[in-house]
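Colleague: I am new to this one. Could you take me through it in short questions and answers?

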Amino acid sequence: MAPWVARSRAAVEVVLEINHLAKWYGSGDKIVHALADVTFTVEEGEFVCVVGPSGCGKTTLLKCVAGLLRASRGEVVLRGKRVTDPPEEMAVVFQEYGRSLMPWTSVRNNVLFPLRHKKLAKQERQRLVADSLAAVDLSRFDGHYPWQLSGGMQQRVAIARALAYQPSILLMDEPFASVDAQTRGDLEDLVLQVRDEYGITILFVTHDIDESVYLADRVVVLSNSPTNVKEVVPVSLARPRDQIATKELPDFTHLRGHVARLVRREQIPVA
Amino acid sequence: MNGRAYRVTKIGAEIAVPLAILLAWQLWTAHAQSQFFPRLSTILVEFRDLWLFAQFGEHVVPSLERVALGFGIAVVAGIALGIPIGLSRNLRLWAMPHIEWWRAVPPPALLPISIVLLHSIENRQKIAFIAFFCVFPVLLNTIDGVRGIDPTLIETARAYGIPRRERIWRLVLPAASPQIAAGMRTSLSLAVITMVLAEYFSSTNGVGYVLLISKNTYQMAPMWAAIVLIGLLGYLANVLFLIAERRLLAWHRGWRAAEPL
């Protein structure tokens, strides 16, 4: 049985806390507020999606959580420890798959790269790489260069790299925003499937409302400047989810409508 | 142009045309009987007598050694300096005016001072002289290459906790390598130029020295033979470099062809 079904509400453990997180750039007249006051939590094994109008600071939020950006105020706490640098149990998948992979080396070496400094036996390392490439169905392409693969396949390499790293929490920043609709659906299902196999907690940033409702246990809706959490929408759609059947459910339609209204109200009117 | 026609044209351009020029040279010099322009056949005989391989050890080997050492030192220094300068905006701010100034100084202008400062016309002075001028193309290209690295690549590595040292060694260096190679290629031809210059100015051996002595003793055939040799050395060095680059940076060609940049 999948871990999130077995879990009782009383036994949940909060993995990630984002407390009053604020981030601004510059100072004085030129100050730009990316995040005003963002607070939410992610529980063990949970799939949390963050949606918001474009330009609301979703990527900034994710980079702060990843320890890549220092927060201006507030904090990110991972299992009771404040995040100041990229934590070891966290992996990241960015939108720009083509630019996050090393073009000069093979798919296999790209997946292997983050494992180099982990204290692992060589065989264990190779097993992790082989397993994660098998999980994203790319075993046959391990000797190829990333640029020899299609966009969707490149993003699967990035996912395999994250899986091989054995994170307990996976951060994804609009990972499927630059692939076609068909591939996007396949990749969404792939993420749900590997999450099931690997039992990881996922924080997933997207601007796509359907995608957020389809994937998440909870959807965190951000408001636009000043950016804070507008509402956290629980998604109780049955799992496993299905691209066609789940999206036909009245509950799905209702939820996506609800989230869409929250997001639309935040859209800056185009003059 | 289809593949076959292209190949035929390429062979023609690389072999037939130079051969035709040489033939024209031979015919014209045979006819003109000029003491400044010896016949091709005379030059070739001289070339064989001098360089294959009577004086090869005495004059060609020292020249090659100087080029190799000067170029090698320049590459190592150019990359070692270029990476930190490329990574740091502050360092660039301080270093760039000096780099731009020194690279604007033409090599002959620094020849006398290099001899005075190093108290020598021996190898040390020549290698230092060659290395000094060859450093700039590598240095500037390394700086540019390092600056041009995609931030996503570095951020991904940081997110995976890859230490700074390893990021530089395994990300920054390979990512900048196509541009570093372009700089090295420029430096390589510059190394041959500065070698001849240094040897012509003050030396006791080397192909530049042969050039000087032949000129001073009014011997045109050995002078032309030296010119042919220098041209051949530069040409061969470039060909070898291109072969190595083609192999080592094959990924770059493929990547550039695949990515709509």
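Colleague: How many bridges join strand S1 (residues 14-25) of chain A to S2(A)?
Modeller: Keep in mind that this is a predicted model. In it, S1(A) and S2(A) run antiparallel. One bridge pairs A:Leu16 with A:Val42 in S2(A). The number of bridges joining the two strands is 8.

Colleague: Which are the edge strands of that sheet?
Modeller: The sheet is open and has 4 strands, with antiparallel pairing. Its order in chain A is S2-S1-S4-S5. An edge strand pairs on one side only. In chain A, those are strand S2 (32-43) and strand S5 (81-82).

Colleague: How is chain A divided, and how far apart are the centres of domain 1 and domain 2?
Modeller: The domain assignment gives domain 1 of chain A two stretches, 12-89 + 169-271. Domain 2 of chain A is 98-166. Taken over C-alpha atoms, the centres are separated by 25 Å.

Colleague: Which helix gives the largest share of the side of domain 1 of chain A that touches domain 2 of chain A?
Modeller: The contact takes 11 residues from domain 1 of chain A and 8 residues from domain 2 of chain A. By class, the domain 1 side has 8 nonpolar, 2 polar and 1 charged residues. The largest share of that side is 6 residues, and it comes from helix H7 (residues 181-198) of chain A.

Colleague: Now chain B. How many residues of domain 2 of chain B are in contact with domain 1 of chain B?
Modeller: Chain B splits into domain 1 (1-33) and domain 2 (35-252). Their C-alpha centres lie 30 Å apart. On the domain 1 side, 6 residues take part, with 4 nonpolar, 2 polar and no charged residues by class. From domain 2 of chain B, the number in contact is 5.

Colleague: Are H2(B) and H10(B) roughly parallel or roughly perpendicular?
Modeller: The axes of helix H2 (residues 40-51) and helix H10 (residues 220-248) of chain B come within 8 Å. They cross at roughly 75°. Angles of 65 to 115 degrees count as roughly perpendicular. That is why H2(B) is, relative to H10(B), roughly perpendicular.

Colleague: How many nonpolar residues does the contact of H2(B) with H10(B) have?
Modeller: H2(B) brings residues including B:Ile43, B:Phe47 and B:Trp51. They meet residues of H10(B), among them B:Trp224, B:Val228 and B:Leu229. By class, the contact has 1 polar and 1 charged residues, and its nonpolar count is 10.

Colleague: Last topic, the two chains together. Which helix gives the most to the side of chain B that touches chain A?
Modeller: The contact takes 18 residues from chain B and 20 residues from chain A. The chain B side has 9 nonpolar, 4 polar and 5 charged residues. Helix H7 (151-159), helix H8 (164-201) and helix H11 (250-258) of chain B each supply at least two residues. With 6 residues, the helix that gives the most is H7(B).

Conventions:
Residues are numbered from 1 along each chain as its sequence is written. Chains are lettered from A and ligands numbered from 1 in the order in which they are written. This is a predicted model: local features need pLDDT of at least 70, side-chain atom pairs count only at pLDDT 80 or more; totals for chains, interfaces and linings use all residues. Axes are lines fitted to C-alpha atoms, for helices over the stretch in contact, and angles run from 0 to 180 degrees between N-to-C directions. Angles under 35 degrees count as roughly parallel, over 145 as roughly antiparallel, 65 to 115 as roughly perpendicular and the rest as oblique. Two residues are in contact if their C-beta atoms, placed from the backbone, lie within 7 Å. Ala, Val, Leu, Ile, Met, Phe, Trp, Tyr, Cys and Pro count as nonpolar, Asp, Glu, Lys and Arg as charged, and the others, Gly among them, as polar. Domain bounds come from an automatic or database domain assignment. Two strands pair if DSSP finds at least two bridges between them.
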